[in-house]
Amino acid sequence: MTVELFWWFIFVVFLVNTVGAVVTVFRDATRDIATVWAWLLVLIMFPILGFTIYFFFGRKLTNRRIFDLKTQEALGIEQIVSNQDRLAKAYQDDGVNDEITPFIKLFLTNDEAIVTRHNQVEIFTDGEAKFKKLFADLRQAQNHINIEYYTIYDDNLGQQLVDILVERAKAGVQVRVIYDLSGSGGRHDHLYAPLRAAGGHVEAFLKPRWQPISLNINNHDHRKLVIIDGNTGYVGGFNVGDQYVGKSKKFGYWRDTHLRVEGDAVLAMQSRFFMDWNATSRHEKLDFSPAFFPSVLKKGMSAMQIVSSGPDTDDNQIFEGYLRMITMARKRILIQTPYFIPNQSIIDALRVAIRAGIEVQLMIPAMPDHAFVYRATQHFAREMVVAGAKVYTYNHGFIHAKTLVIDGKIASVGTANMDIRSFTLNFEVNAFMYDHNLAAELEAIFENDLLQSTELSKEYFENQSYWLKFKQNFSRLLAPIM
């Protein structure tokens, strides 16, 4: 009788768990169907525990949080929108209108991403060089510093950053910092105490007032933005921490890609920061001021759009930009990403490109930083090799760059990985650049990275153990929710 009751208990738990799983994942009709089935698999395979995982990782932002973000005005855009007629004529004169007009229209429609023409761009691939330049720029700030990072660790590099911000705040410079609570590993109140005491403002992105920690750790502020005096901006893959300057025993050298920008595009970065700050801060709301959006002098000839995306909108702007780039390619597609977990649209577009004779090259890390994510990346890398792409693992440390270059003409650098999380769950920002010289420079960087990379063959994957193949295939099932 005891055994019989035990099995009845197991049956009831399984039945209740299954019904609860179905109700939980199907009650949101807007979810992608692949995501629905992935969560259903987790909830049914791991009774009770699955719901705990879902509580932290599966829930969407509350309607209130989404409303806070959606209602923020894209301040400062009017300062550069007057350039559009002149820019359109310039594109026609340059004979590249057919190539970039689709992007201009796409991002203007989806994201109010104004195209800017006269930008000067410096590309960084080394953390030491990037932070040396960034810290020098910060020390020259006269009016304001606005910073937004997914990760600011309380370590040596994080302390260096805060020390500089404290010094500038004491000199009368307005300093504002947004960080992601989960990505930074906590509040670090002691780290920011001197900055707050000096008059600086620090906010954890969209953290509810009544919670000591964020209970929603599925939607990260993955953006990395720095705006200095409205004239200089940084965007790219580097976070703030010792590991990003190669001081991690686990990762070794950290290979990333980051941009330093001077020109009108900085105003678009500023506008993005304003929207995130106004949705996050409970104490201070920013409004338009000439000090924040100064008249920018011509700095160069690089055209670009600053494009953002996140779960606060149904339009996956950066994903659509990536997809448009891939479908527009005629000769060559170069991708660098630490996580290659694309949705079916990207997979199909890459396969079609390969069949059309377009060279597709993909570079991923040779080591994992997240076990399941890396196994899923390996699965999709194998698919690309079978399809005819050239896939490489970067061996000199960890590659964290998020770059896409097509035909040596158009390039994207930013915070969005080539994965479903960046497409739909995280808050991201990328620079889409329409400059042959910048695209050529990024191509040269890719070629240089090949010297420290290994090409993966079909035989490499065929010779892997059955257990490793199982882990890759199983991780692929969870890809929509990673």
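I started with the count: 18 helices and 18 strands in the chain, where helices are DSSP runs of H or I with at least four residues, strands are E runs of at least two, and numbering goes from the N terminus. This is a predicted model, so I kept in mind that local features need pLDDT of at least 70 and side-chain atom pairs count only at pLDDT 80 or more, while totals for chains, interfaces and linings use all residues. Residues are numbered from 1 along each chain as its sequence is written, and side-chain values use heavy atoms, with hydrogens and water left out.

**Whole chain.** I looked up burial next: 60% of the 482 residues are buried (under 20% relative accessible area; exposed is over 50%, partly exposed in between; 1.4 Å probe, protein chains only). For contacts (heavy atoms within 4.5 Å) between residues at least 6 apart in sequence, 82% join residues at least 24 apart.

**α12 and α13.** I checked α12 (residues 317-328) against α13, and their axes come within 9 Å and cross at roughly 10 degrees. Axes here are lines fitted to C-alpha atoms, for helices over the stretch in contact, with angles from 0 to 180 degrees between N-to-C directions. The two are therefore roughly parallel (angles under 35 degrees). On the α12 side I noted Phe 319, Tyr 322, Leu 323, Ile 326 and Thr 327, which meet Ser 345, Ile 346, Ala 349 and Leu 350 of α13. By class that contact has seven nonpolar, two polar and no charged residues; Ala, Val, Leu, Ile, Met, Phe, Trp, Tyr, Cys and Pro count as nonpolar, Asp, Glu, Lys and Arg as charged, the others, Gly among them, as polar.

**α13 and α14.** Then I took α13 (residues 344-355) with α14 (residues 371-387): axes within 10 Å, crossing at roughly 25 degrees. That makes this pair roughly parallel too. I listed Ile 347, Leu 350, Arg 351 and Ile 354 from α13, and Phe 380, Glu 383, Met 384 and Ala 387 from α14. The classes are six nonpolar, no polar and two charged.

His 222 sits in the loop between β4 (201-204) and β5 (225-228) and is buried at 7% relative accessible area. Leaving out residues up to four places away in sequence, I saw His 222 touch several residues, including Tyr 150, Lys 402 and Glu 428. His 400 is in the loop between β13 (398-399) and β14 (403-406), buried at 5%. With that exclusion of residues up to four places away, His 400 touches residues including Trp 254, Arg 255 and Asp 256.

How values were computed
Parallel < 35°, antiparallel > 145°, perpendicular 65-115°, else oblique.
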